Amino acid sequence: MIQLFSHNDLDGKSCGLLIKLAYGEKVMLTYCTHDNINPLVEQFLDDPRQKKNEVYITDIAVKDDLAARLDERYQNGGKIHLIDHHATALHFNAYEWGSVVPRYEDGRLTAATSLLYDHLVEKGLLKDGGALKEYVELVRLYDTWEWFGNNETAKRLNDLFFLLPQDKFEEQMLPRLQGDHFEFSETEETILNMEEDNRKAYINKKQKQMVEIWDKFTDKEGTEHDYKIGVVHAEQHQSELGNELNRTNPHLDLIVILNAGNKRIGYRTIHEHVDVSQYAKQFNGGGHPKASGSTMTPDAFEKFVIPAFKDQPRRPDVHNNEENVKENPKGTRYINHQREVTSIYHEDGEWKLEHKNNIVENLSFADFQEAENHVKRHYNSWLIKDDDLRN
Ligand SMILES: [Mn+2]
């Protein structure tokens, strides 16, 4: 028998599909989270009936004492393969059975699925090409975020992975991966389109609910920042929501997504000058510089939930103005809940501001976007609608 332990996301479960295609029915697939991988592997190693089984561990790592036990098994003739792409697992390369490769020689990022595919092709257990090769590349694009902005199919594959019940996903993919070309069925396309429409409507609604607050934050170098933060309550589509809110609100430093149901907070940014893994640390959280998470501690509740409850959302800009349009050298006008009007106008090669009919002294911007960012950050304003200007 072949025993696979793999992560439970698209990349990890696609490793399971490859193992099934390579070894047929003689496989046992166990999908794990970072929390339960160690006890599951331990249980397996303790079970005398499993002694002869070949082991694959993909897209996830085990703790050091289990690595030592796996190595002992390997030294005694056991067949073991740990195949991963996370840089945090590079120390497994010290073992003969460890193969951790974060990047290909040409610089492209790897995924566990693409590494396992290469391994099984080399062993002669899978043939290189066809629908399978296309599928493996979609998984790699999704897992590495290389899809972003250039391959919607990879994104849709991951959507489908979450929309279908898990056994259904496997059942539907396995026969298709043995064909010449990978594509979604008509039904899947319909489901995916509906899902996308729902998501767009949800994100739109959340944009209208988002409240903006200030927070002072001192980073680990000791530099103090005044962060303007978009705060929103959301239980669904956290990554897409974080991305979209950051993209449409470049005046914000980061987006905080609150989920009171499971007492979790997500932190997302697209800016180089912000590291949300550092920011999340103050609430015992962490993650990546652009995407992190924490639990909703009482401190975090005080900081985000209470002020966001009191404040009113800034209204989104309209996109169908014909008169009051952005980058108009003669002036683009903004308003806030206090009915204060701000105008951004062009003079002497620079963008300048007039607030409540007074010129804002000593402030000018080379770029219109920077000027608008300032107006939104400091006056909480939005573009005045043409209809409202006429009245
Ligand atoms: Mn992965």
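Biologist: What's the strand order in the open sheet that has parallel pairing?

Modeller: That one runs β2-β1-β3-β4-β5, five strands in an open sheet. Strands here are DSSP runs of E, at least two residues, and helices are runs of H or I, at least four residues, numbered from the N terminus. Two strands pair if DSSP finds at least two bridges between them.

Biologist: Which ones are the edge strands?

Modeller: β2 (27-32) and β5 (98-100), and each pairs on one side only. Ignoring direction, neighbouring strands of this sheet are turned by 15° against each other on average.

Biologist: How many bridges join β1 to β2?

Modeller: Six, with β1 covering residues 2-7. I2, for instance, has V27 in β2 as its bridge partner.

Biologist: Before I go on, what kind of model is this?

Modeller: It's a predicted model: local features need pLDDT of at least 70, side-chain atom pairs count only at pLDDT 80 or more, and totals for chains, interfaces and linings use all residues. Residues are numbered from 1 along each chain as its sequence is written.

Biologist: OK, helices. How do α1 and α5 pack?

Modeller: Helix α1 (residues 10-23) and helix α5 (residues 130-144) pack at an angle of about 160°, with axes 9 Å apart. Axes are lines fitted to C-alpha atoms, for helices over the stretch in contact, and angles run from 0 to 180 degrees between N-to-C directions. The two helices are therefore roughly antiparallel (over 145 degrees).

Biologist: Which residues make the contact?

Modeller: L10, D11 and S14 on the α1 side, and V139, Y142 and D143 on the α5 side. Contact means C-beta atoms, placed from the backbone, within 7 Å.

Biologist: Switching topic: what's the order in the sheet with antiparallel pairing?

Modeller: β15-β14-β13-β12-β16, an open sheet of five strands. Its edge strands are β15 (358-365) and β16 (382-383). Four bridges join β12 (residues 332-335) to β13 (residues 341-347), and I335 has V341 in β13 as its bridge partner.

Biologist: Which strands does α12 lie across?

Modeller: β12, β13, β14 (350-355) and β15; α12 (residues 368-379) runs at about 160° to β13. Back in the parallel sheet, helix α4 (residues 112-122) lies across β3 (54-58) and β4 (80-84), at about 135° to β4.

Biologist: And how many helices and strands does the protein chain have?

Modeller: 13 helices and 16 strands.

Note on methods: Angles under 35 degrees count as roughly parallel, over 145 as roughly antiparallel, 65 to 115 as roughly perpendicular and the rest as oblique. Two residues are in contact if their C-beta atoms, placed from the backbone, lie within 7 Å.
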